[in-house]
Amino acid sequence: MMEELSLHILDIAENGINAGANCVEIEVDIEKSKDLMTIKVRDNGKGMDSEILDKIRDPFFTTRTTRKVGLGVSFLDELAELTGGRLDIDSTPGIGTTVRLELPISHPDRPPLGDIISTLITLSMINTEVRITYVERRDDKVWSFDSDQIKDFLTDYSLLGKIKEILYNSYKDFIGGELI
Amino acid sequence: MKSLEDLKRIREQAQAQIKLRTQEANTKIIVGMGTCGIAAGARETLMAILDELSKRNIQDVVVTQTGCVGLCEYEPLVNVVKPGQPKITYMKVTPERARQIVASHIVNDQIINEWVLSTEEGA
């Protein structure tokens, strides 16, 4: 498992982009009253057929030729099992894939959400042709990001510091110091 | 600086001085962003590279990503490809190493041999 859920999100989004997606939608819902965190990553990549989908949780299965293990989804599966959560993966060839992870917020083995801004900047900067959207809901509050908003700046590293500052300040205002 | 609108204004004012990066840029930095790379710290490595390029106002470099190449134990891996030079693969690139690679290899053309995993001619 990884130290932060934001790293798992990066990994799953990268899987979608490597599967040909030009749009990745990420949603995080935090419902404290239900002790529930839901993470959804949806891409419009090439999708998977049922045969691959059946095997995807197996750490010794991968469609890659460079290695013999595929750890990304099995990490999530292990995390769901360890915390009493749930992992669902829906995929349709030619349409895309949706990964949905539900975790109990209060479980001691649930990793923190972590540095989601770094994940969004990383995804946007190295995949400039892909639209990355992110919506986080915390009870009645909503924070959102759309890489199309910063598309004009993605080819200019000199403005990266300013982009980071704006995003971190905006997100900090949203969470109000409450790290999940 | 409070919003993207402010940033847009700054960009428009500075646009004349900005040399935009293109796919024909001279140098490529490629970071391994497979599961193994991400678990080993590739996100922080990439952020450090972008930050260093930003601080030094370097524009003629493309930063991109690749998946797992089967050398998971050496992640995070960073490739530097300069025109007319072999592709250099650096291993176990921490954010600190990443900043030094930008300063030494990208800016001053000095390969840091101590961290080189492989050299590929004609890349």
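I started with Lys141(A): its charged end sits over the ring of Phe174(A), 5.5 Å from the centre (NZ of Lys or CZ of Arg within 6 Å of the ring centre and within 35 degrees of the ring normal).

Housekeeping: this is a predicted model, where local features need pLDDT of at least 70, side-chain atom pairs count only at pLDDT 80 or more, and totals for chains, interfaces and linings use all residues. Residues are numbered from 1 along each chain as its sequence is written, chains are lettered from A and ligands numbered from 1 in the order written, and side-chain values use heavy atoms, with hydrogens and water left out.

Next I looked at ring pairs (Phe, Tyr and Trp, its six-membered ring, with centres within 6.5 Å; planes under 30 degrees apart are stacked, over 60 edge-to-face, the rest tilted). I got 3 aromatic pairs over all chains. Trp143(A) and Tyr171(A) have ring centres 5.0 Å apart and planes at 75°, so I noted them as edge-to-face. Trp143(A) is in strand β6 of chain A and Tyr171(A) in helix α5 of chain A, so the pair ties together parts 28 residues apart in sequence (helices are DSSP runs of H or I, at least four residues, and strands of E, at least two, numbered from the N terminus).

Tyr171(A) also pairs with Phe174(A), tilted, at 5.9 Å centre to centre and 45° between the planes. Both lie in helix α5 of chain A, 3 residues apart, about one turn of the helix.

Which residues do ring pairs link into a cluster? I found Tyr134(A), Trp143(A), Tyr171(A) and Phe174(A).
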